[in-house]
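Student: I have a model open and would like to learn how to read a few of its features. Could we go through them one by one?

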Amino acid sequence: MSVAGFFAAIPLTLLGSYDVPWVPTRRRLIPHIMRLARVGPGLRFYDLGCGDGRVAIEAAKRGALAYCVEIRRDLIEKAREAAEEAGVAERVVLVNKSFFDVDLSDADVVYMYLLSRVNAALRPKLERELRPGARVVTLDFPVAGWTPVHVEKHVVSGMQRTLYLYIRGVSDSR
Ligand SMILES: C[S@@+](CC[C@H](N)C(=O)[O-])C[C@H]1O[C@@H](n2cnc3c(N)ncnc32)[C@H](O)[C@@H]1O
């Protein structure tokens, strides 16, 4: 079964009150995400549903101001500890809220490792709030109705993983 098929098969009842279960991005993929999103000093990076903060922390290590948006308090605490341990706590903004309630108008990059149905639910918000040129990278689940400017595949631990890069104003215009 593909990664996307595996997640899509998770019954909604198992997700509890959250939109997506916590499944961390494999660390080997993170440098590819940084490269695709062109993460560098001074930009604003948002991980929507940041889990233990690993992707946001890497963005902060590269000089970005990283917003780690996570609904679970226990994971926000993990992310706080990890950011402190990595010495980048001053560049990691921990936001313990639903990503549906966070303003994205200053984002340069948004990263999402969510589910297709959640990407679809977020799409109108992304189209409303993101500035033209903002980059959106998703792992394994595309944004239906958008055209990626780049797609790349990586095999990690025997599983094929797919990264999609979108650019606001390009990918979402018909
Ligand atoms: C597949 S995990 C990805 C974690 C992290 N982005 C990574 O790549 O390692 C999805 C995360 O989204 C969080 N989440 C689910 N629904 C959310 C919501 N409405 N707002 C914020 N976070 C949410 C989950 O708790 C989980 O940590």
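Student: Is R38 buried or exposed?

Tutor: A residue is called buried if 20 or more other C-beta atoms, placed from the backbone, lie within 10 Å of its own, exposed if 12 or fewer, and partly exposed in between. R38 has 12 C-beta neighbours inside 10 Å, so R38 counts as exposed. This is a predicted model, in which local features need pLDDT of at least 70, side-chain atom pairs count only at pLDDT 80 or more, and totals for chains, interfaces and linings use all residues. Residues are numbered from 1 along each chain as its sequence is written.

Student: Where is the place of R38?

Tutor: Helices (H or I, at least four residues) and strands (E, at least two) are DSSP runs, numbered from the N terminus. R38 is in the loop between α2 (30–37) and β1 (44–48).

Student: What is the phi of R38?

Tutor: Most residues other than glycine have a negative phi. The phi of R38 is positive, near 50°. S157, also not a glycine, has a positive phi of about 50°. S157 lies in the loop between β6 and β7 (159–167), and S157 counts as exposed because it has 7 C-beta neighbours inside 10 Å.

Student: How many residues of helix α3 are buried?

Tutor: Six of the eight residues in α3 (residues 54–61) are buried, so the helix is mostly covered. The buried ones are V55, A56, I57, E58, A59 and A60. For what covers them, read contacts: two residues are in contact if their C-beta atoms, placed from the backbone, lie within 7 Å. The cover includes α2, β1, β2 (65–69), α4 (73–85), β3 (92–95) and β4 (109–112). After α3 comes G63, with a positive phi near 100°.

Student: At what angle do α2 and α3 pack?

Tutor: Axes are lines fitted to C-alpha atoms, for helices over the stretch in contact, and angles run from 0 to 180 degrees between N-to-C directions. For α2 and α3 the angle is about 55°, and their axes are 10 Å apart. Angles under 35 degrees count as roughly parallel, over 145 as roughly antiparallel, 65 to 115 as roughly perpendicular and the rest as oblique. The two helices, α2 and α3, are therefore oblique to each other.

Student: Which residues meet there, in α2 and in α3?

Tutor: I30, I33 and M34 of α2 meet R54, V55, E58 and A59 of α3.
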